[in-house]
Amino acid sequence: MRYKYRAKKGPQDIVEAIIEASSETEAVEKISALGLLPVRIEEALDSAQAPMPYPNKINIKINSREITIFSRQLASLMRSGVPILAALNIISEQSESPNLKSILRNIHDSVKAGETFSGSLSQYPNVFSALYIALIRAGEDTGGLSDALLRITDYRIKIEEMYSRLRMALAYPVLMAVVGLATVIFMLTFVMPRLMQIFTNLGEQLPLPTRILISISDTLRHDWLWIIIILSAFILVAKRQIRTPAGKISFSIMQLRLPVLGSFILKAELARFARTLSILLKSGIPILRAINIAIPVLDNEVIKKQLQQSYKELEQGGSFGRSLKGSKVFPLLMSNLITVGEESGKLEESLAEVASSYERDTDEAMRMMASLLEPLMILVMGLIVGFIVVAMLLPVFEMNVMAR
């Protein structure tokens, strides 16, 4: 019989191979004779029966919600006294995601082979962020792994709830925009051509709105392929430009200068940074390392650049709060609260207060924008459809006037 085994060759070396043996006991003896320490042995199946292989550690993607559920389940099991290896097995068996099941199986084997839990998670950088791994490592160092998992779960739930509220606020306006655009295209490409035959038979100069509408209709019907190609090329070039360092900075500056959205984006980013930094500090991570981990969580390059400058000043012995106060990006509320927190030795509490304050502001702004966006969309679509209807009816009115 053929047995697939996973064995430990050294402190960090893991060997996976297949060996011929009459029984599992003989396979263990043969593996041991090779100077290896068996970690797992299972019968090698045919290709049709082979279990799902371990996923690629670089390209693997897991839904964010699944990671949150995994963190909560692992924390609950460990707080109930279940050892981490048994807990990983339990969660793996009940997971409905093939990719997550494979990852947890691989993490289980890695921990069983002597690797730390945080080290095993770091094999999947696309699944577990630097923040996640840092909090787990801090929990391992302090002996409070289950507490660290609970902090991670709470943090992820707050972030997911914020994005969920944003999606819900935008769902109806986006639906209205899609339906309205489809209606306009239908009128211009199907209704308008049929009326054009009547208009051309009039033999009179058509009103300006009607001529504009006819021109737009002709362009959509005859040059639609070129329109798609030009729009696609523009989007592709814009995406590539935004990915460059200069493009990221320009796009970030534009975001913060938007009339209403600029303030919303700034507060959302600062709330996320303050919440992240607060959790890292509560977990016992030194402030310099915590800031270094929290900065990549942000999307806006201008804010990240300012925080990196503050990091350098703090590294040289300066004050984090005062360095933020010298920047034009950060509001005085945030810099003052951080300064007070530094002086009182309660920086993580001050950061939590900053995060809560800006989270409330962003929630309020989201509700206000959603309530204003709906009537605004109705007004815009009404004006567009109204213009089309008027442009189509004007020649008819002129015909009536001429007839009289």
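**Exercise 1. The second largest pocket**

Task: Determine how the residues lining the second largest pocket of this predicted model divide into nonpolar, polar and charged.

Solution. 
Step 1. The lining divides into 16 nonpolar, three polar and four charged residues.
Step 2. The space in this second largest pocket amounts to about 630 Å³.
Step 3. The second largest pocket is lined by 23 residues, and those closest to its centre are Ser64, Val127, Ser129, Tyr155 and Arg156.
Step 4. Two or more lining residues come from each of α2 (64–79), α6 (130–142) and α7.
Step 5. With six residues, α7 gives the most to the lining of the second largest pocket.

**Exercise 2. The largest pocket**

Task: State which element gives the most residues to the lining of the largest pocket, and describe the class make-up of that lining.

Solution. 
Step 1. The largest pocket holds about 820 Å³ of space.
Step 2. Its lining comprises 30 residues, with Leu166, Gln255, Leu261, Phe264 and Ile265 lying nearest the centre.
Step 3. The elements that supply two or more of the lining residues are α7 (145–200), α10 (245–257), α11 (261–282), α13 (301–315) and α16 (347–403).
Step 4. The element that gives the most is α16, with seven residues.
Step 5. Sorted by class, the lining of the largest pocket contains 21 nonpolar, three polar and six charged residues.

**Exercise 3. Helices α10 and α13**

Task: Work out how α10 and α13 are oriented to each other, and identify the residues that make their contact.

Solution. 
Step 1. The axes of α10 and α13 lie 7 Å apart, and the two helices pack at an angle of about 105°.
Step 2. Angles of 65 to 115 degrees count as roughly perpendicular, and α10 and α13 are therefore roughly perpendicular to each other.
Step 3. On α10, the contact is made by Lys248, Ile249, Ser252, Ile253 and Leu256; on α13, by Glu301, Val302, Ile303 and Lys305.
Step 4. This contact of α10 with α13 has five nonpolar, one polar and three charged residues.

**Exercise 4. Helices α3 and α4**

Solution. 
Step 1. The axes of α3 (residues 84–94) and α4 (residues 98–112) come within 9 Å and cross at roughly 165°.
Step 2. The residues of the contact of α3 with α4 comprise seven nonpolar, three polar and four charged.

Note on methods. Residues are numbered from 1 along each chain as its sequence is written. This is a predicted model: local features need pLDDT of at least 70, side-chain atom pairs count only at pLDDT 80 or more; totals for chains, interfaces and linings use all residues. Side-chain values use heavy atoms; hydrogens and water are left out. Axes are lines fitted to C-alpha atoms, for helices over the stretch in contact, and angles run from 0 to 180 degrees between N-to-C directions. Helices (H or I, at least four residues) and strands (E, at least two) are DSSP runs, numbered from the N terminus. Ala, Val, Leu, Ile, Met, Phe, Trp, Tyr, Cys and Pro count as nonpolar, Asp, Glu, Lys and Arg as charged, and the others, Gly among them, as polar. On a 1 Å grid over the protein atoms alone, a cavity is a set of points where a 1.4 Å probe fits but cannot get out, and a pocket is an open set with protein on both sides within 12 Å along at least five of seven lines; lining residues have an atom within 4 Å of a point. Grid points are joined across faces, edges and corners, and a volume is the space filled by probe spheres set on the points. Angles under 35 degrees count as roughly parallel, over 145 as roughly antiparallel, 65 to 115 as roughly perpendicular and the rest as oblique. Contact means heavy atoms within 4.5 Å.
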